[in-house]
Amino acid sequence: MSDPACQLYLISPLDVGGTFPDRLARALDAGPVAAFQFRVKDVPEHEAARLAEPLQRICADREVAFIINDSVGLAKRLGADGVHLGQDDGTVADARARLGKAAQIGVTCHASRHLAMEAGEAGADYVAFGAFFPSSTKDTKHVAEPELLQWWSMLFELPCVAIGGITAANCAPLVAAGADFLAVSHAVWGGDEAEGVRALMEAIEQALAER
C-alpha cells in the first residue's frame with residue numbers, strides 16, 4: 001500500500017449484507033481504490049466470515065487490498081491481506097506473528113505523534129490519523145489537524161492514512177498536507193457509490209495538481 005500520490009481507502013458500512021456486494025463492485029469499478037476495510041460490529045466470527053467472503057472475492061478480482069478491522073482472528077481465518085488495529089485491539093507484534101510478514105498491518109493513532117511513532121517502531125505498515133472532520137460513522141473523540149500529516153510525511157517514510165468525515169468537498173487540505181490515503185465511508189456509501197468514488201478521485205487529482 002504505497003504510492004507517491006494519494007489513494008482511496010474504502011471502509012465498509014456496518015451493514016454489508018443484501019445488495020452490498022453489488023455496491024462494492026460498482027464502487028471499485030468506478031475508479032482506482034487501493035484498499036477496502038471490512039468493518040462490522042457485534043457480529044459472531046462465523047457470521048462475519050460469511051459476510052466477508054463475497055466481498056473478499058470482489059476485491060481480489062480487482063487487486064484491491066482486503067483489510068479486516070479489529071480482528072486478527074478473522075483476518076487469519078479468511079487469509080485477508082491485512083488487519084487494522086485500534087489502540088485496544090492487540091499489538092502489531094502479535095498480529096505479525098499470527099498473520100505473517102506479507103500482511104498489511106495498520107494502526108489507529110488518533111491525533112497522537114507518540115502513538116504513531118510507537119506503531120512505526122513496532123513494525124506497522126501504515127498509521128491512521130483522525131478524525132479530521134466530524135464523522136457520521138462513529139463518535140469523534142480525537143480531532144486531528146492537517147499539520148499532523150505534514151509533519152509525519154516530512155519525517156517518516158511509512159504511509160499515513162487520513163480518516164474521519166472526509167468528503168470530496170473537504171479533502172483537499174489533507175491531500176496537500178501529504179496524506180498517502182484517504183479513508184472514506186459515508187462519502188461513498190451515503191449516496192451513489194460510483195459517483196462518490198469518481199467525485200473523490202477528481203478532488204484528489206485536483207489537489208495533487210496544486211500541491
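Biologist: Which residue does Arg 26 meet in a salt bridge?

Modeller: This is a predicted model, where local features need pLDDT of at least 70, side-chain atom pairs count only at pLDDT 80 or more, and totals for chains, interfaces and linings use all residues. Residues are numbered from 1 along each chain as its sequence is written, and side-chain values use heavy atoms, with hydrogens and water left out. A salt bridge puts a side-chain nitrogen of Lys or Arg within 4 Å of a carboxyl oxygen of Asp or Glu. At 3.0 Å, N to O, the partner of Arg 26 is Glu 193.

Biologist: How many residues apart are Arg 26 and Glu 193?

Modeller: Helices are DSSP runs (H or I, at least four residues), strands likewise (E, at least two), numbered from the N terminus. Arg 26 sits in helix α1 (residues 20–29) and Glu 193 in helix α9 (residues 193–210). The pair links distant parts of the chain, 167 residues apart.

Biologist: Is Glu 193 buried or exposed?

Modeller: Buried means under 20% relative accessible area, exposed over 50%, partly exposed in between (1.4 Å probe, protein chains only). Arg 26 has 39% and is partly exposed. Glu 193 has 6% relative accessibility, so it counts as buried.

Biologist: What is the N to O distance between Lys 41 and Asp 70?

Modeller: Both residues are partly exposed, Lys 41 at 36% and Asp 70 at 25%. Their side chains meet in a salt bridge, N to O, at 2.7 Å.

Biologist: Which residue forms a salt bridge with Asp 125?

Modeller: Asp 125 is partly exposed at 24% relative accessibility. Its closest N and O atoms are 2.8 Å apart, and the partner is Arg 96.
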